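Please look through the structure below, following one part at a time as the paragraphs lead you along.

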Amino acid sequence: MREIVDFNQGWRFHMGGDLPDEVIAFGNVNLIAGETRLWQKAGNHGVSNPANPHVDKWRLVRVPHDYALEGEFTRNESANNGALPHGEAWYLKKFELSESDRQRRIILEFDGVYRDSTLFANGHYIGRHLSGYTSFYFDITDVCDFGGINAIALHVDASENELWSYEGAGIYRGVRLVKRGLTSVPTWGVAVSTDGADDPGRVTAAVTVRNDSYDQADVNVISRVIDPTGRAVAEAQAEVSVADVSESTTTLSLQVSHPSLWAPDSPTLYTLEATVMLNGEPLDLCTTPFGFRYFRFDPDHGFSLNGVPVKLKGVCLHQDHGCVGVAVPPAIQEWRVRKLKEMGCNAIRTSHNPPDPSLLDACDRLGVMVMDEHRVSGSSPELLRQFEDLIRRDRNHPSVILWSMGNEEMGIQDTPAGEAIFARMHQLARRLDPSRPTTYAMNSRWQEIVERHGGKGERRWDVLGVNYRGGGNSPANFDIAHAKFPDWPMVSSESWGGTATRDLYGPDVTPMDVVISERWKEDEFCWKDDDHKYFASEYQNCQTPWGCDIEETWRNTLERPFLAGTFIWTGFDYRGETFPYEWPAVITRFGVMDLCGYYKSVAHYLRAWWRPNDPHIFLMPHWDFPGHLGREKLVRCYANTHSVELLLNGEAIGTSRMTPNDRLEWRVPWEPSVLEARGLDADGAHVISTRRV
Ligand code: GAL
């Protein structure tokens, strides 16, 4: 049976790519004085020689680990990428394998390494993995020492960027060592799908069996569906013959009566157990969580889940989070999903890359849907392999509802190359997972893009992803695209585009000493007057030219039944992308929550209208403006009650009716006092209140 060993502890770390000859050439039997000859003969790699004592002096780290965080902020590095040096590094881990492991395959699984990693084991080159976002694994069995000490060395080169924001460096996601029998289910070897509206209880399980022995293996594959209470509720089996050193996939059909459906309010998870049996003895057991649910993107009526119309109330999310950089442990992933869900969010777009599996696990458990995004669009074998790996890894997660083939590929989205590339990627996704639609998040030149890709069949991806207002600044673009291709479902794949610093209410605060990027200096959308420059105030007066305010963003989505929903840019602040500022700004202000998960004003708007039936109220600005006696302040209230009464020092200023999905504003001269907003129901009764001092 398989054994899964947590490999997150006990890594030795060396910053920098260059190592002294004595380390690289350690134990090199072919060494000629002064030459290292790494590649000349198998097994020459000294760093990963288990007896190499030099590496034992390297310091110990634990993964997830982000070594870029150890650097000093510098203006010599791109502020957009976080103003930190990246560069190369080495990781090394030694571990024992017992004699009894000899009859097993030894597989190392990495959830994500940033980036360009090269693995060596016990002196041997094993393989290289380029992408900083896809998961990968290597079978190192043949070079293992059973009954002895083994060493693996991973060289990482993070000097290149894949994104235009902070990407970190190193083994920033989990690592496992998997010991499997010679005949067993390989990594990502199970694909579970549920059949949808016509037959919600039907499960199709495609189970791959890998035989690493030199004889044919005639085995039995037993699949069981286990319900949330641990009871087996369906079973099917098949005989499978697998030739020596090869794989074979068998497809089993199982029927569960009256399954509990997976949905945001009731994210019920079942488990598919796949057991490989030989002569009545189990060789391997592989468990895969999954859910019963069906959904549809409809060109007229938007998105529905389990037959019920649902607007996707989504946010975009980068990998990195605050102090931990990209090395986000599963507990913080879960915390992020909980914070977003509490705000009323029901969907996440993993912009712009394959996510950490622990984020998807949290979304499965907590009931948040996912637009799962690929990083580099392309149809070369390398890039198609990356897309394939994403789909194979993530296709069993009930949370995943869309495969996104890319984001704003301005160089290709309206060119023949783009047409060929997206057609190829779409076809691959269809073949690997016919149950989920594809999308692509397009921006500028949308007319040309829509025209080019708007045909039928393989020319066209399934759901039209429109970033921001669809290109120009007219909200009508959604409508023009819809009128042109009325049979093409649509989602607002990215929206809002405002910036704010939590609880800063310019112009009445001290300016920050940062430089406005030349690129945006003249842009009238960024700030309106001299008083506002240097600020990203909470009044939404520092917008990107391509965005619009939060009220308009959400109303745009609500007013168009054909729009499946929207994904706000972004859920939390992240490192890099310092728009519209330059050094010494090092983080963005795009998040609706800040790095610590505190709500900015925009998050209060979303909390109010994404959960309209749970009372919420927020009042801004703070009411602490020494020296401003008598100066008029713009008071704004986000609330979802029928009306709001404003009081200053207990004296009523007025009561206003709240229009759904809107905000209220007053102009109030400042005095040292207490400002209070009281949310009232239709009968004038008090529901909820808040105060600022
Ligand atoms: C979008 C882009 C995002 C981010 C955002 C900032 O166009 O897709 O990655 O850069 O702009 O407003």
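In this predicted model, three strands form an open sheet in the order 32-33-36, and their pairing is antiparallel. Strand 32 (617–620) and strand 36 (664–669) are the edge strands, each of which pairs on one side only. Direction ignored, neighbouring strands of this sheet are turned against each other by 20 degrees on average. Four bridges join strand 32 to strand 33 (residues 632–639) in the antiparallel sense, and Met620 has Arg636 in strand 33 as its bridge partner. Helix 10 (residues 601–610) packs on the sheet, where it touches strand 32 and strand 33, and its direction makes about 35 degrees with that of strand 33.

Phe422 belongs to helix 5 (residues 416–432), whereas Trp461 lies in the loop between helix 6 (446–453) and strand 29 (463–467), 39 residues apart.

Another edge-to-face pair is formed by Phe625 and Trp670, at 6.5 Å centre to centre and with 90 degrees between the planes. Because Phe625 is in the loop between strand 32 and strand 33, and Trp670 in the loop between strand 36 and strand 37 (675–680), the pair ties together parts that are 45 residues apart in sequence. Phe625 is buried, with a relative accessible area of 3%, and Trp670 is buried too, with 6%.

Terms used
Residues numbered from 1 in each chain as written. Predicted model: local features only at pLDDT ≥ 70, side-chain atom pairs only at ≥ 80, totals over all residues. Heavy atoms only, no water. Pairing = 2+ DSSP bridges. Helix = DSSP H or I, 4+ residues; strand = E, 2+ residues; numbered from the N terminus. Axes fitted to C-alpha atoms, helices over the stretch in contact; angles between N-to-C directions. Contact = heavy atoms within 4.5 Å. Phe/Tyr/Trp six-rings, centres within 6.5 Å; stacked < 30°, edge-to-face > 60°. Buried < 20%, exposed > 50% of the residue type's maximum accessible area, 1.4 Å probe, protein only.
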